[in-house]
Amino acid sequence: MGIVAGLDSSSAFTRIVVCDTDSGAVLRQGYAPHPVDAKSYEVDPQAWLLSLGEAAAGGLLEGVQAIGVSAQQHGLVPLDRQGSPVRAALVGNDKRAQVAAADLIDALGSRSAWAEAVGSVPQAPQPVAKLRWLARHEPEAAARIATLLQPHDWLVWQLLGRPARRTTDRGAASGTGYWSAASGSYRPDLVELALGHPAAVPEVLGPSEAAGMTPEGLLISAGTGETMAAAFGLGVSTGDVVVSLGASGSVMGVHHEALSDPSGTITSFADATGLHLPVVHTLNAVRALRGTAELLGVEDLDALSALALTSTPGASGLVLLPYLEGERTPQLPHTAGTLAGLRRESMKREHLARAAFEGMLCSLADAMDVLRDRGVEVRRVFLLGAAAELPAVQAAAPAIFGAQVVVPQPADYAAIGAARQAAWALGVSEGSLDPKTPPAWQGAAAQVLEPGDELAVGQAVRKQYGATRDQIHPGAFG
């Protein structure tokens with residue numbers, strides 16, 4: 001038996017878990033906020049190291065044999081020829097590169113050209129769009145860029161003592177916009193297209209490979225992005241889909257191959273095990289619930305959930321298309337939400353509350369069908385986010401999704417996934433684990449919900465929703 005650590009450097013904090021290598025049991029943990037504004041578009045990467053040091057204080061890492069690193073995705077740490085940051089790191093929530101992303105689509109010819117090249121269409125958060133933005137708005141800084149790293153790459157490099165070799169993993173690389181999950185290779189021409197000149201990129205390691213050893217003899221695994229680490233920590237596999245309920249939503253499946261989507265609706269990420277994570281995003285999820293709560297004058301989402309449960313499935317014919325911020329799936333960027341089915345009997349507060357929950361879940365089910373239509377198997381749906389605990393969500397989700405729903409207990413899954421990767425790399429280095437088979441840690445503790453007898457009712461709700469969607473937005477899904 002040994003112990004390993006996983007650290008997750010998110011946009012706002014660092015969490016560290018120390019785990020048993022055999023079972024995955026969390027033995028101890030640490031936490032520290034980043035000493036920066038989490039809403040800022042830019043950050044000195046040294047802040048991540050300060051947070052890491054604080055989280056690891058008090059001997060937290062004593063006896064640890066290996067560390068895995070998970071970090072926020074879509075950040076860019078541009079380095080000069082000496083390995084120093086050219087400027088502050090640009091982080092994932094930076095929306096300034098929207099015009100730059102559109103420019104890149106035009107420069108390569110079309111959305112489908114990008115999807116074929118790297119499995120995704122440029123979006124503002126991606127490093128490739130950030131490079132274009134830098135080239136246009138900070139040309140002097142852009143001209144000095146010699147090496148491109150993401151936050152997890154930079155942290156691994158720092159832990160190893162800044163060696164000449166710089167590494168990443170396929171999960172993080174798949175979010176850059178210049179690495180293809182399908183071919184497993186970089187597109188340096190796209191780096192040059194965005195930046196205006198070539199730049200070095202980190203070596204992409206396999207899932208169980210080690211990035212190296214620290215000067216103190218501590219093994220550092222390849223690391224990965226937060227999404228991939230969380231999926232690994234949850235223990236999802238083929239047949240599992242993860243639905244995240246934030247202000248916006250996402251539906252991510254585990255699949256055996258990368259999916260190229262000419263429309264750009266599917267983003268083709270790689271995972272932390274050698275498989276693939278096709279993702280479909282929606283712009284509206286919990287924001288539709290919060291908007292409804294404000295409209296009805298209820299104090300919070302718990303109260304909205306309780307109100308919704310006094311209605312019945314189908315909300316007395318009331319249908320809410322929750323496209324409040326426009327929508328990405330289907331591609332309706334300039335539309336607005338729609339409330340349909342207003343009749344005297346349906347104009348009650350509880351029916352609108354129910355319609356908000358059903359509209360959010362039906363919209364996510366539409367996104368799930370995009371993956372199903374491309375061959376992604378859906379046996380279990382992992383439901384993440386604080387809203388997953390709401391009784392109205394749990395009551396309706398299994399029947400609307402048409403699958404078993406798993407609601408994991410809250411835990412630091414990204415950090416746990418990073419620790420599991422560290423245990424894998426350590427086992428491979430010692431000859432006790434197969435490079436193709438990760439350690440069989442116990443899965444996440446969870447509540448399991450079955451559609452049961454409500455399946456037909458849930459599918460009727462979806463049919464009602466789909467009829468309204470197709471009437472208001474004919475051809476939205478082709």
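Which residues is glycine 75 in contact with, leaving aside its neighbours within four places in sequence? The first legend below answers this, and every view is drawn from a predicted model.

View 1. Glycine 75 sits in the loop that runs between β5 (66-71) and β6 (77-79), and, once its neighbours within four places in sequence are left aside, glycine 75 is in contact with Leu90, Val91, Gly92, Pro127, Leu149, Gln150 and Pro151. Because its relative accessibility is 0%, glycine 75 counts as buried. Histidine 74 belongs to the loop between β5 and β6 as well, and its phi is near 70°, a positive value in a residue other than glycine. In general, most residues other than glycine have a negative phi. With a relative accessibility of 18%, histidine 74 also counts as buried, since the cut-off for that class is under 20%. As a guide to scale, the C-alpha atoms of glycine 75 and aspartate 261 are 24 Å apart in space, while the two residues are 186 apart in sequence.

View 2. In helix α1, which spans residues 46-55, the buried residues are Ala47, Trp48, Ser51, Leu52 and Ala55. Viewed down the axis of α1, these buried residues fall within an arc of 140°, so they line one face of the helix. An α-helix has 3.6 residues a turn, so residues three or four places apart point the same way. Helix α6 (residues 151-159) packs with α1 at an angle of about 65°, the two axes being 11 Å apart, and the crossing is right-handed. On the α1 side the contact is made by Gln46, Trp48, Leu49 and Leu52, which meet Pro151, Trp154, Leu155, Gln158 and Leu159 of α6. By class, these residues divide into seven nonpolar, two polar and no charged.

View 3. Ala100, Ala101, Leu104 and Ile105 are buried in helix α2 (residues 98-108). These four cover an arc of only 145° around the axis, which puts them on the same side of α2. The other side of α2 carries the exposed residues Gln98, Val99 and Asp106. The partners against which the buried residues of α2 pack are α3 (111-118), α4 (127-137) and α8 (188-195). Just after α2 comes glycine 109, which takes a positive phi of about 120°. Asparagine 93 is found in the loop between β7 (89-90) and α2, and, because its relative accessibility is 33%, asparagine 93 counts as partly exposed.

**View 4. The crossing of helices α12 and α13.** Helix α12 (residues 349-372) and helix α13 (residues 391-401) have axes that come within 10 Å and cross at roughly 35°, in a right-handed crossing. Residues of α12 that take part in the contact include Arg354, Phe357, Glu358, Met360, Leu361 and Cys362, and among those they and other α12 residues meet in α13 are Ala392, Val393, Ala396 and Phe401. By class, the contact of α12 with α13 has 13 nonpolar, no polar and three charged residues.

View 5. The largest nonpolar core holds 57 residues, of which Val243, Leu245, Leu304, Leu383 and Phe401 touch the most other members. The element that gives the most to this core is α12, with 14 residues. Apart from its neighbours within four places in sequence, leucine 245 is in contact with residues including Val286, Met360, Leu364, Leu383 and Val393. Serine 250 lies in strand β17 (residues 249-253), and, at a relative accessibility of 14%, serine 250 counts as buried. With its neighbours within four places in sequence again left aside, the contacts of serine 250 are Val242, Val243, Ser244, Val279, Val280, His281 and Leu364.

View 6. Serine 316, in the loop between α11 (301-308) and β20, has a positive phi of about 55° although it is not a glycine. At 30% relative accessibility, serine 316 counts as partly exposed. Proline 330 is found in the loop between β20 (319-321) and β21 (338-340), and the peptide bond that leads from threonine 329 to proline 330 is cis, with omega near 5°. In general, most peptide bonds are trans.

How values were computed. Residues numbered from 1 in each chain as written. Predicted model: local features only at pLDDT ≥ 70, side-chain atom pairs only at ≥ 80, totals over all residues. Heavy atoms only, no water. Buried < 20%, exposed > 50% of the residue type's maximum accessible area, 1.4 Å probe, protein only. Helix = DSSP H or I, 4+ residues; strand = E, 2+ residues; numbered from the N terminus. Arc of directions from axis to C-beta. Axes fitted to C-alpha atoms, helices over the stretch in contact; angles between N-to-C directions. Left-handed = near helix turned anticlockwise from the far one by under 90°. Contact = heavy atoms within 4.5 Å. Nonpolar A, V, L, I, M, F, W, Y, C, P; charged D, E, K, R; others polar. Core = buried A, V, L, I, M, F, W, Y, C linked by side-chain atoms within 4.5 Å.
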